[in-house]
Amino acid sequence: MEYKLIMIADDLPAAKRIILDDQLSDLEQRNFCFAEAKDGRVYCMISQSASSIMKQRAQTIKDFGLDTREIVTVYVTQELLSIFRDRMSHDVSMVVESESDLDRRFTDILIQAIRAHASDIHLEIYADHAEVKFRIHGLIYKIGELDSHTVNRLVNYVYNVAAAEGSKDTQYNPEDMQDALLDTHIEIDGVMRHYKLRLQTAPCYPNAVTIVMRLLPVDAQLKITLHELGYSQHQIKLLERAQARPVGVTIIAGTTGSGKSTTMATLLSEIFRRSKGTKKILTTEDPPEYAIPGANQINLSTKRIGTAEEENIFVKAIKVAMRCDPDIIMVGEVRDQRSTQLLSSAVLSGHQVFTTVHAASAISIYNRLLNLGFENHVLASPNFLALLVYQALVPVSCTKCALPYAVFVKKMANDKDIKAVIQRLEALIKKDEYKDKKLDEVRFVNDEGCSDCRRGISGRTVVAEMLEPTPEILAALRALEFENALRLWHDQGGRTALEHGTEKIFQGQVDPRFVEDRCGLLVDTVEGE
Ligand SMILES: [Zn+2]
C-alpha cells in the first residue's frame, strides 16, 4: 500500500477515468474518488476526514474486482477533490485503446463478474454513455458507466477478435442482431478457470445497443443437494419417487433463470450415485451448464442458434442419444413436434426421461405438451408422466442485515407500494391456513446490505409446485377438465409455488416483495379497497 498527501492541484495523479462513482452517494463523492490512471493503477483520492466512511466501502471495491492492497491512497482536501473531478469531466480527449488495452479491459470486466457470481454481463450502449450491468442472484445491478465509444470498441474487439470462428458473422454490426460464442481460460486468484460465453447483441430504439453475455462455467461442479436448493421435505419425497421410477418422464417448467438446469443436474447425479454407476445417463444440452458426474453429455452449443441446421441437430442428438443404449435420457428442452415424437417413443420403449418446457404452472405443463405435439392418450396413459414440476428462484434475505417487520413498516410508512404489500400480508394471516403465522417472523431485505451480502441478498432459493399424476388426476387431464384436476391435486395435498413461497416468508427467509414478483400477489383482493 502507498500513501501520499497532495496539497496543490498540479500534483493530482494523471488519471484516465473515474470509476465506481455511480455506486457512491453525493456525500461520498465529495469526500473520495476512485480513478484509474494511465499506467493501469487505481488511485483512491480521499479527503483526510473521510477515512472511516471509506472503510464501509471495502465491499464495493472488492465487488469491482479490485484488490484494496493495490490501491494507491492519496490524501487531498475536499477542494482539491472537486478540482480533480472538474478536470476529469472536461477532459474529453478519447484514449485510443490498443487491442491489448481492450483485451485487458474485457478480462477485468469478466473477472469482476465471476468474483461477483454474476450469471450475465450486460453492456448497454446509449448515444452519450454506456452502462455495465451484472445479473447476480437473478437481479440486475448497475456496476459502472463508461463512455459509449470505449464500449463500442470493446464490443467490436470481443465480437471480431475474441469470439470463436464459426460461431459468428464475419463482422460486428451494431445495427444487426448477432450472436457468438467465446471460449476463455482466465486466471482468478491463482486458479485457472474455463468459461464459455454466449454473446447476443440487439439494436434498440432509438439508437442504443444492448449486448448480453451469459457466463457458462465449463468446470462448474455440483456440490448441492435438493434440500439446499430449497425444496420442502414433501417435495424431495416426490422428486425421489420420480427418480426411482424406471420408466416415465419428469418435466420441469419455469422461466429462464428458474434453476431448472441445476435441479436436473442434481437429480441425475443423485440417480447415478445411488445406482453405483449401473445406469447409463445421456444428456443433450445447449450447452451443458454443469459437468454431471457419470453422465455422457452431448453438447449442442457449438451450432448457431435459430437456424434450420440447429433444429436438425437437436432432433439428431436425441436420436443419437437413443442409439447409445441409455437407461436415462435428459433432453435440455422440448420445443417441436419431431423431438416430442422421439421423446414419446423413448418413454414408451422403457426409458426414464427428464426434460424442461416453458409453462406457467405445474398443471399447465400438460396443455403445453399437447400443444407441442404429444398425443393426449399417450400423455394420460399410466406410467408416462412421472412428475410435473413448476419452479421459480427467489432471492434470499441476508440474515445478518434483514429488517424485522415492525422496523420496516415504520421506516416505509409513506411508501404506497409497500403499504399495499403490508395490507396483503395482513389479509393473508386472517385466512384459516395461515392463522398460526406471525407477522413478527417476516423479514424484509435491507437495500443497504452489509459485509455478508449484496444489497441485502445472500443467495437464491427455489419455490416450487409438484404434481404427481394419480389415476384420477390423469382422467381429469385427459378430459381436459383442468379445474377439476386442480381440485383433485389440492385435495391430495398439492401446494402451489406461491404457497411454498409464503411458507418461506413466514420463516423470514425471503422478502414478500420478491415472492409476489415471482409468483403473483399473496391475496387477490384486500377487503375495503
Ligand atoms: Zn447483509
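Q: Which residues does L498 touch, not counting residues up to four places away in sequence?
A: In this predicted model, L498 touches C519 and G520 once residues up to four places away in sequence are left out.

Q: And where is L498 found?
A: L498 is found in helix 18, and the C-alpha atoms of L498 and E516 are separated by 7.9 Å although these two residues are 18 residues apart along the chain.

Q: Is L498 buried, exposed or partly exposed?
A: L498 counts as partly exposed because it has 19 C-beta neighbours inside 10 Å, and a residue needs 20 or more to be called buried.

Q: What about helix 18 as a whole, how many of its residues are buried?
A: Helix 18 is mostly covered, with seven of its 10 residues buried, and those buried residues are A497, H500, G501, T502, K504, I505 and F506.

Q: What covers them?
A: The cover over the buried residues of helix 18 includes strand 17 (385–397), strand 20 (457–467) and helix 19 (512–519).

Q: How do helix 18 and helix 19 pack, then?
A: Helix 18 and helix 19 pack at an angle of about 175°, and their axes are 10 Å apart. The two helices are therefore roughly antiparallel to each other, since an angle over 145 degrees is counted that way.

Q: Which residues make that contact?
A: On the side of helix 18 the contact is made by A497, L498, G501, T502 and I505, while helix 19 brings P512, V515, R518 and C519. Sorted by class, the contact of helix 18 with helix 19 has six nonpolar, two polar and one charged residues.

Q: What follows helix 18?
A: Helix 18 is followed by G508, a residue whose phi is positive, near 75°.

Q: Which residues other than glycine have a positive phi?
A: K276 is one of them, with phi near 55°, and R455 is another, with phi near 45°. For background, most residues other than glycine have a negative phi.

Q: Switching to peptide bonds, which residues does a cis peptide bond join?
A: A cis peptide bond joins Y205 and P206, with omega about -10°, and P206 has its place in the loop between strand 10 (191–204) and strand 11 (208–217).

Q: Back to helices: how do helix 16 and helix 17 pack?
A: Helix 16 (residues 471–478) and helix 17 (residues 482–491) pack at an angle of about 165°, with their axes 8 Å apart. That angle makes helix 16 roughly antiparallel to helix 17, and helix 16 passes helix 17 in a left-handed crossing.

Q: Which residues meet there?
A: From helix 16, E472, I473, A476 and L477 meet N484, A485, L488 and W489 of helix 17. By class, this contact of helix 16 with helix 17 has six nonpolar, one polar and one charged residues.

Q: What about helix 5 and helix 6, at what angle do they pack?
A: Helix 5 (residues 99–115) and helix 6 pack at an angle of about 95°, with their axes 10 Å apart, which means that helix 5 is roughly perpendicular to helix 6. The contact is made by E99, L102, R105 and F106 of helix 5 together with R153, L154, Y157, V158, V161 and A162 of helix 6.

Q: Where is D147 found?
A: D147 is found in the loop between strand 8 (139–146) and helix 6 (148–162). Leaving aside neighbours within four places in sequence, D147 is in contact with H129 and A130, and D147 is partly exposed, with 16 other C-beta atoms within 10 Å.

Q: Last one: what is the mean pLDDT of the protein, and which elements have the lowest and highest values?
A: The mean pLDDT of the protein is 88, and 93% of its residues reach 70 or more. Among the elements, helix 2 (residues 51–55) has the lowest mean pLDDT, 67, whereas helix 18 (residues 497–506) has the highest, 98.

Technical notes. Residues are numbered from 1 along each chain as its sequence is written. This is a predicted model: local features need pLDDT of at least 70, side-chain atom pairs count only at pLDDT 80 or more; totals for chains, interfaces and linings use all residues. Helices (H or I, at least four residues) and strands (E, at least two) are DSSP runs, numbered from the N terminus. A residue is buried if 20 or more other C-beta atoms lie within 10 Å of its own, exposed if 12 or fewer, and partly exposed in between; C-beta atoms are placed from the backbone. Two residues are in contact if their C-beta atoms, placed from the backbone, lie within 7 Å. pLDDT is the predictor's confidence in each residue, from 0 to 100. Axes are lines fitted to C-alpha atoms, for helices over the stretch in contact, and angles run from 0 to 180 degrees between N-to-C directions. Angles under 35 degrees count as roughly parallel, over 145 as roughly antiparallel, 65 to 115 as roughly perpendicular and the rest as oblique. A crossing is left-handed if the near helix is turned anticlockwise from the far one by less than a right angle, and right-handed if clockwise. Ala, Val, Leu, Ile, Met, Phe, Trp, Tyr, Cys and Pro count as nonpolar, Asp, Glu, Lys and Arg as charged, and the others, Gly among them, as polar.
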